[in-house]
Amino acid sequence: MFSNTLLNEVKLSAHSSKEGLLEVIKTTEATIAIIGMGYVGLPLALCVAKIGFQVIGIDVNSERVSQLNAGQSYINDVSSKDLEPLVSEGKIKASTDLHLLQQADVIIICVPTPLTKNRDPDISYIRQAAESIAANMRPGQLITLESTTYPGTTEEVLLPILSQSGLQVGQDFFIAHSPERVDPGNARYTTHNTNKVVGGYTPNCQEVAAAFYRKSILDIISVSSPGCAEMVKVFENTFRAVNIALVNELALLCDKMGLNVWEVVEAASTKPFGMLTFWPGPGVGGHCIPIDPFYLTWKAREYNFHTRFIELAGEINSYMPQFVREKVMRALGKQGKPLYHSKVLMLGIAYKRDLGDWRQSPGLDLFNLLLNDEVEIHYNDPHVPEMQDVKGKTHFSTPLTPESLSSSDCVIIVTDHSAYNYHEIVEYSPIIVDTRNACAQILDQREKIILL
Ligand SMILES: NC(=O)c1ccc[n+]([C@@H]2O[C@H](COP(=O)([O-])OP(=O)(O)OC[C@H]3O[C@@H](n4cnc5c(N)ncnc54)[C@H](O)[C@@H]3O)[C@@H](O)[C@H]2O)c1
């Protein structure tokens, strides 16, 4: 779609040099284009528009573009109340029209970086975005990549594509990697107050990129190269994946030893030094932890290096839904019921408390496993009205009522949403497999509750 109206509305920058770019950044007269208006791009758009920059949100998804231009948010962490005034004032405009990139002083890439079916990095979205930029480049632009990716992407993938424009990096245009660290659902740390790592390709690139991010983000951490910035981000997510796997392994062992892993971790967390608390759970989910470490594993192979911690962590974390299935089977077995053809209600399909994102969720893995066992499975999630199973069949969130709980053979708490009334859940369910220790405060009828 080519939006002539929008093209005319957003002014063309007159500058074409580093100095000119720094000036429009300083005066907040710069136009910022964000490619990919998802969980990362949309909060960033608000953060930058709030301080006065003009933002053009570019997305291939025309439905999202229409919603944005109507001031409606589709992301949990962004309220329509915050978005709407910025859209009305014309500070945020959205479009599918890539020609608008010509008008941007700063272009930020926030497109997805999933894994392929064979669990290799799929950087096709980055390539597409880069090709769109190259076709619309002009001198005096800063291009930053925020998508999480393997070290080397900015230099080995983005730069060669952008250089096809004939422009010279560090002189005519500037590139940097600055990984997004958004933590969905975290009200304390937002895009604005989370330190931002910035790695420019040349000293000029670094200067311009740091100057831009410093305008809207409290603290900028400058690193020496885009590769370093890329490695910082994958390391952060690997750190979480490995520590979660460690505590999940502890849960598997505690189960065998008849120990309560939650009690163990809680007591260990009282140590005032040298301890960082991670909790076990039904597995890992979302766009980061199950994916990003494998970007590094893939890249490491180029150096004949095996990232053993990452592989092991992936193995343990991805086993957790199967372990929950085993717990459900044992819980039913104790009631004299087989798993096959039993009636199970899963509470929560989102990968994290109070979110509606069920991508890569361990709950989805568990749902698919139980479907395969011919279990009569239903789910409830106040944040996920519908979702698709592995075969693409749509399932709808079932109402959570005393009847839906009591008519199930087993209830599994997969996501500990704060909207749930755990007293009622325990009261009406025949038996509960609690993978989050969500019922910790319920002291009655503990015999019904089976912990991870
Ligand atoms: N979601 C998170 O919690 C999180 C946190 C930190 C970093 N990241 C990283 O940020 C990146 C984006 O993640 P996300 O969660 O925002 O993804 P998302 O799927 O929510 O949003 C991506 C958007 O990009 C659009 N898009 C895809 N290709 C495009 C193209 N060629 N041109 C224009 N638009 C295009 C999609 O339509 C979608 O709206 C990923 O690399 C991810 O790993 C995500």
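Gln 445 is situated in the loop that runs between strands E14 and E15 (449-451). Helices (H or I, at least four residues) and strands (E, at least two) are DSSP runs, numbered from the N terminus. The structure is a predicted model, in which local features need pLDDT of at least 70 and side-chain atom pairs count only at pLDDT 80 or more, while totals for chains, interfaces and linings use all residues. Residue numbers start from 1 along each chain as its sequence is written.

The phi angle of Gln 445 is near 50°, a positive value in a residue other than glycine. Gln 445 counts as partly exposed because it has 13 C-beta neighbours inside 10 Å. The classes used here are buried (20 or more other C-beta atoms within 10 Å of the residue's own), exposed (12 or fewer) and partly exposed (in between), with C-beta atoms placed from the backbone. Asp 354, in the loop between E9 and helix H13 (362-372), is likewise not a glycine and has a positive phi of about 65°. With 17 C-beta neighbours inside 10 Å, Asp 354 is also classed as partly exposed.

## The eight-strand sheet

Eight strands form an open sheet in the order E3-E2-E1-E4-E5-E6-E7-E8, and the pairing is mixed. Strands E3 and E8 (220-223) lie at the edges with a single partner strand each, so one side of each has no neighbour in the sheet. From one strand to the next, the twist averages 25°. Two strands are taken as paired if DSSP finds at least two bridges between them.

Strands E1 and E2 pair in the parallel sense over five bridges, and Ala 33 stands opposite Ile 56 of E2. Helix H3 packs on this sheet, where it touches E1, E2, E3 and E4, and its direction makes about 165° with that of E2. Helix H6 (residues 124-134) also packs on the sheet, in contact with E1, E4 and strand E5 (141-145), and its direction makes about 165° with that of E4. Axes are lines fitted to C-alpha atoms, for helices over the stretch in contact, and angles run from 0 to 180 degrees between N-to-C directions.

## Helix H3

Helix H3 (residues 41-50) is largely enclosed by the rest of the structure, because eight of its ten residues are buried. These are Gly 41, Leu 42, Pro 43, Leu 44, Ala 45, Leu 46, Val 48 and Ala 49. Their cover includes strands E1 (31-35), E2 (54-58), E3 (92-95) and E4 (106-109), together with helices H5 (80-88) and H8 (203-216). Just after H3, Gly 52 adopts a positive phi of about 120°.

Helix H9 (residues 226-257) packs against helix H12 (residues 308-334) at an angle of about 50°, and their axes are 8 Å apart. The two helices are therefore oblique to each other, a class that holds the angles left over from roughly parallel (under 35 degrees), roughly antiparallel (over 145) and roughly perpendicular (65 to 115). On the H9 side the contact includes Thr 238, Ala 241, Val 242 and Ile 244, and on the H12 side it includes Phe 309, Ile 310, Leu 312 and Ala 313. Residues are in contact if their C-beta atoms, placed from the backbone, lie within 7 Å.

Helix H11 (residues 292-301) is mostly covered, with seven of its ten residues buried. The buried set consists of Asp 292, Pro 293, Phe 294, Tyr 295, Leu 296, Thr 297 and Lys 299, and these residues pack against H9 and H12.

## Tyr 150

Tyr 150 belongs to the loop between E5 and helix H7 (153-163). This residue counts as buried because it has 24 C-beta neighbours inside 10 Å. Leaving aside residues up to four places away in sequence, Tyr 150 touches Pro 121, Glu 230, Val 234, Tyr 295, Leu 296, Trp 298 and Lys 299. Glu 230 is 80 residues from Tyr 150 along the chain, yet their C-alpha atoms are separated by 6.2 Å.

## Strand E13 and its partners

Strand E13 (residues 410-413) pairs in the parallel sense with strand E9 (residues 343-347) over four bridges, and Ile 412 is the bridge partner of Met 346. E13 also pairs in the parallel sense with strand E14 (residues 432-434), over three bridges; here Val 411 stands opposite Ile 432. Cys 410 and Ile 412 point one way from E13, Val 411 and Ile 413 point the other way, and all are buried.

How values were computed
Contact = placed C-beta atoms within 7 Å.
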